[in-house]
Structure formats: structure tokens, C-alpha cells
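Dear colleague,

Please find the structure below, handed over to you for your studies.

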Amino acid sequence: MTERMRVAVLAGGPSAEHEVSLQSAQAVLHALPRDLYEPVAVIIDRQGRWPVELRRDSADVVFPALHGPFGEDGVVQGHLETLGIPYVGCGVLASAVAMNKVAMRRAFLAEDIPVTPHVWFTEHEWRTTTDYWALVKSLDWPMYVKPATMGSSIGISRVTSMAELRAGVELALAHDRVVIVEQGVTAREIICGVLGGYDTPDASAPGELIVPGEWLDYEAKYLSQAEISTIPAVLPERVAEDVRELALRAFRAIGGYGLSRVDFLYEEDTGRLYVLEINTMPGFTSRSVYARAWAASGVPYPDLLRRLIDLAFARSGS
């Protein structure tokens with residue numbers, strides 16, 4: 001019998017997305033084919049403490065099922081690089097750029113990838129201004145206020161007045177010292193998965209997020225049992241192809257590797273597509289839209305895991 005590869009699945013961590021990470025990791029642990037892999041759960045606590053010390057001889061490959069700062073922003077990826085252990089997903093630079101909504105948009109704009117109008121400012125700028133409106137006056141209501149480095153809709157507010165703007169900024173500043181404010185648009189929310197290496201990644205069939213209210217918040221994404229997506233999305237063929245092409249361009253713009261989920265806004269009235277963001281370690285349960293998009297594209301969940309692990313070894317030359 002061929003010796004199974006030991007896969008260390010990282011979960012938890014000090015991010016506000018700790019609980020989401022546990023869900024992703026549990027799904028990965030359950031679905032890894034046991035004839036090929038020996039999965040080992042490594043649960044990092046909320047203070048960032050590891051239960052074991054990873055070493056090259058204790059794990060053949062690492063699957064960092066971590067979301068948000070610490071796990072998705074290049075910190076853990078850099079640690080794994082120093083250990084010389086192959087790992088699933090984007091490297092240090094791509095992870096850091098994608099986690100920061102300001103740096104991400106700079107990368108997109110440099111590559112002529114369409115993004116919604118936006119502004120950003122630091123906590124110091126917010127605390128010292130005497131004119132809050134001056135910071136956002138280039139935008140119209142409604143606006144979306146977000147911490148620069150957070151995912152899973154944590155710390156985000158939809159605002160339609162100065163009073164709501166002030167409250168939304170305070171909420172965002174509880175998670176980050178930099179805030180980004182985006183122009184709201186009336187649009188459908190489309191997603192597309194990317195899978196592959198640096199040179200020839202593939203894009204999945206697009207999916208559509210079902211927004212039960214004015215926007216898809218944390219509770220709707222992770223706590224509700226209601227269906228939150230339609231996969232594949234019902235789109236004109238030209239639009240679906242544009243989504244896939246822009247997803248690949250966004251992936252290349254950040255230097256992506258392994259996997260990412262690219263989120264879009266599609267204005268049906270104008271036909272415009274905006275790239276909202278790219279997630280280098282999206283939610284990873286079999287119910288998550290990334291996995292479902294690839295299942296609809298002919299790659300079932302266990303095969304998706306195997307391909308990602310193969311990519312990790314390919315990058316490391318193992």
C-alpha cells in the first residue's frame with residue numbers, strides 16, 4: 001500500500017473569522033480521500049497559539065483553511081515558507097495584496113480592471129478632520145463602509161446618511177486602522193472561482209449570490225440555512241465569458257496561485273461589470289460558493305482538494 005501523505009489542516013486563529021475557519025477546516029478534513037491522505041487538524045486558538053510545532057518531517061503539505069488577517073494575509077504563508085513545507089493556495093505577496101482592499105484596488109486599476117468608485121482614509125485622518133463629508137464627497141449615497149483588511153462581511157455597513165456614515169466608520173475602525181468607502185451600485189452579485197498555477201489557471205462557471213436584503217451580511221452568509229446562491233448563474237453567454245476572463249485577469253493581477261474566488265457586481269441596465277474583490281482563501285465547505293462553482297464545472301469537492309494539494313507540491317518542486 002502506498003504511504004499516505006500527511007495533510008495538516010490549519011483552522012481557527014486570532015481573526016474575527018475564527019468560527020468560519022473552523023467550518024471550512026471541518027469540511028476539508030471530512031472530504032480528504034483517506035486512501036491518499038492522512039489529515040491532521042491543527043486548531044490555532046484565538047490568541048494565535050499553535051497546539052503543535054509544525055516541522056517538515058511532521059507534515060507533507062499544509063492546507064491553511066484560515067480566513068482573514070493572520071491566516072489569509074500572508075502571515076501564515078510566510079511562516080510556512082520559512083519551514084519549507086508545501087502549502088495550498090496563494091503565496092505571501094498575493095495573499096497580502098488581496099487581503100488589503102486598498103492595495104487590491106491599486107493592483108486592479110494598474111491592470112485596467114474595472115472597480116467601483118471608492119475612497120479610503122486612515123483612522124488618524126478620520127479623527128483629526130473637521131469635515132467628514134470632505135473625505136467621501138466624491139461618492140453618492142448609498143455607500144458601503146469597510147475595514148481595509150477583513151472578510152466575511154465583518155465590520156461592513158451600508159450607509160445612506162452622515163449619521164450612518166459616522167457609525168459605519170467607527171465599526172470598521174474596530175477592525176482596522178484603514179477604512180475604505182465604496183460607491184453603492186444597483187447590481188447583481190456574481191462570483192467566479194479560479195483554480196490553477198501561475199501560467200494557465202482555469203475559471204469556473206459563474207455563480208450568483210442571492211441577496212435577501214440590501215446586501216449579503218455575515219448572518220446571511222454563515223448563520224442562515226437559506227440558499228444564498230444560484231450556480232451556475234443565469235447570465236447572457238457574453239457576460240459569463242467576460243466574468244471568467246476578468247476573474248483570470250484579477251488572479252494574475254495579484255500574482256495568484258492555487259485558488260481564489262473573484263466577486264463581481266453586474267449592472268444589468270448598463271451591462272457593466274465591476275470586480276468587487278478577490279478572496280485567496282474563500283469559505284471552503286462543500287456548501288460554499290467556491291466549491292459549488294467548481295462542482296458545477298465538473299470538479300467535485302474531493303477532486304478539488306486533490307488538485308489544490310497537487311498544485312502545492314508543484315510550486316514547491318516536491
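Val 7 stands opposite Val 61 in strand S3. This belongs to a predicted model, in which local features need pLDDT of at least 70 and side-chain atom pairs count only at pLDDT 80 or more, while totals for chains, interfaces and linings use all residues. Residues are numbered from 1 along each chain as its sequence is written, and side-chain values use heavy atoms, with hydrogens and water left out.

Strand S1 (residues 5-12) pairs with S3 in the parallel sense, over four bridges. Two strands pair if DSSP finds at least two bridges between them; helices (H or I, at least four residues) and strands (E, at least two) are DSSP runs, numbered from the N terminus. In general, strands of a sheet pair through backbone hydrogen bonds, either parallel or antiparallel.

The open sheet here has three strands in the order S2-S1-S3, with parallel pairing. Its edge strands, each pairing on one side only, are S2 (37-44) and S3 (61-64). From one strand to the next, the twist averages 25°. Helix H11 (residues 301-316) packs on the sheet and touches S1, S2 and S3, where contact means heavy atoms within 4.5 Å. The direction of H11 makes about 125° with that of S3; axes are lines fitted to C-alpha atoms, for helices over the stretch in contact, and angles run from 0 to 180 degrees between N-to-C directions.

I turn next to the aromatic rings. Rings of Phe, Tyr and Trp (its six-membered ring) pair if their centres lie within 6.5 Å; planes under 30 degrees apart count as stacked, over 60 as edge-to-face and the rest as tilted. By this rule there are seven aromatic pairs. One of them is edge-to-face: Phe 63 and Phe 284, at 5.3 Å centre to centre with 70° between the planes. Phe 63 lies in strand S3 and Phe 284 in the loop between strand S13 (272-279) and helix H10 (289-296), so this pair ties together parts that are 221 residues apart in sequence.

Are these two residues buried or exposed? Phe 63 is buried, at 0% relative accessibility, and Phe 284 is buried at 1%. Buried means under 20% relative accessible area, exposed over 50%, and partly exposed in between (1.4 Å probe, protein chains only).

Phe 63, Phe 284, Tyr 290 and Tyr 301 form one aromatic cluster.

Yours sincerely
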